[in-house]
Amino acid sequence: MKAPKNPLPKEWLASDWSRGKIADYKPYNFVDGEGVRCSLYVSGCLFACPNCYNLAVQNFNYGVDYTDELEERILDDLQASYCQGLTLLGGEPMLNTNILLPLCQKVRDRFASSKDIWCWTGYTWEELMEESQDKLQLLSYVDVLVDGRYLDQLRDLTLQFRGSSNQRIIDVKKSLQENKPVLWTQADGSPYY
């Protein structure tokens with residue numbers, strides 16, 4: 001059975017791979033995290049998970065250039081009172097830090113913590129702890145991380161916000177404080193299933 005690729009620490013760097021492209025931007029959707037969200041799908045991923053649901057987006061040249069105009073549109077869209085936050089997906093966000101670090105900094109400058117940031121990554125939390133400084137900096141802006149490669153043999157369509165049972169929904173702030181992954185819980189304190 002084919003398996004996703006597994007990088008060594010700091011083997012894959014955004015500076016070597018990212019072409020500054022996005023596959024899509026979807027304002028005000030309800031599927032990429034809690035609440036109403038603005039979702040940015042970056043282009044490029046090296047994990048090559050078998051049966052990836054977004055195969056075309058693995059190509060770093062797929063899509064359109066990320067522009068200042070798009071960035072301003074995202075920031076303007078986030079101002080809506082009913083919009084809970086920004087979601088970063090792909091492709092692989094951690095291999096597009098050149099785009100996402102400035103955006104996330106502007107989100108924090110403009111909205112502080114009133115808008116949350118969710119991010120999907122093929123990296124596990126443990127792998128990210130050994131990764132390059134730009135990935136760790138991007139992680140510091142994120143509130144909720146869905147980590148781990150999609151594994152087709154662990155596919156579970158009953159799970160919320162993830163495709164396979166190995167993936168975790170992690171509370172980034174608590175995890176950084178406790179120096180270990182802490183799972184994100186729903187508003188009532190119960191875990192996600």
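1. Arg-108 has a relative accessible area of 16%, so it counts as buried, the cut-off being under 20%. Keep in mind that this is a predicted model. Which residue pairs with Arg-108 in a salt bridge? The partner is Asp-143, with the closest N and O atoms 2.7 Å apart. This pair links distant parts of the chain. Arg-108 sits in helix 3, while Asp-143 sits in the loop between helix 5 and strand 6, 35 residues apart. Asp-143 is buried too, because its relative accessibility is 14%.

2. Now the overall plan. The protein chain has 6 helices and 7 strands. Along the sequence they run α-β-β-β-α-β-α-β-α-α-β-β-α. The C-alpha atoms fill a box of roughly 45 × 40 × 30 Å along the principal axes. A compact globule of 193 residues would have a radius of gyration near 16 Å, and the protein chain agrees, with 16 Å.

3. How much is buried? Of the 193 residues, 52% are buried. Contacts also reach across the sequence. Among those with a separation of 6 or more, 68% join residues 24 or more positions apart. The chain exposes about 9,400 Å², and carbon and sulfur atoms supply 52% of that area.

4. Next, the largest nonpolar core. It holds 42 residues. Leu-40, Ile-74, Leu-103 and Leu-145 have the most contacts inside it. Helices and strands both contribute two or more residues, including strand 1 (21-29), strand 2 (36-42), helix 2 (68-78) and helix 3 (97-111). Helix 3 gives the most, with 7 residues.

5. Look closely at Leu-40. Leaving out residues up to four places away in sequence, Leu-40 touches Ile-22, Tyr-66, Leu-70, Ile-74, Leu-100 and Leu-103, among others. Another core lies apart from the largest one. This other core has 10 residues, among them Tyr-41, Trp-118, Trp-120 and Ile-169.

6. Which residues of helix 5 are buried? They are Lys-135, Leu-138, Leu-139 and Tyr-141. These residues lie on the same side of helix 5 because they cover an arc of only 155 degrees around the axis. The buried residues of helix 5 pack against several elements, including strand 4, helix 3, strand 5 and helix 6 (172-178).

7. Lys-135 forms a salt bridge with Glu-131, the closest N and O atoms being 3.0 Å apart. Glu-131 is also buried, with a relative accessible area of 5%. Elsewhere, salt bridges with shared partners join Glu-72, Asp-76 and Arg-110 into one network.

8. Arg-73 forms a salt bridge with Asp-77, with the closest N and O atoms 3.6 Å apart. Both residues belong to helix 2 and are 4 residues apart, about one turn of the helix. An α-helix has 3.6 residues a turn, so residues three or four places apart point the same way. Asp-77 is buried, at 13%. The count of salt bridges comes to 11.

Definitions and conventions: Residues numbered from 1 in each chain as written. Predicted model: local features only at pLDDT ≥ 70, side-chain atom pairs only at ≥ 80, totals over all residues. Heavy atoms only, no water. Core = buried A, V, L, I, M, F, W, Y, C linked by side-chain atoms within 4.5 Å. Buried < 20%, exposed > 50% of the residue type's maximum accessible area, 1.4 Å probe, protein only. Contact = heavy atoms within 4.5 Å. Arc of directions from axis to C-beta. Salt bridge = Lys/Arg side-chain N within 4 Å of Asp/Glu carboxyl O. Rg over C-alpha atoms; globule rule 2.2 N^0.38 Å. Areas by Shrake-Rupley, 256 points an atom, 1.4 Å probe, with all protein chains shown as cover.
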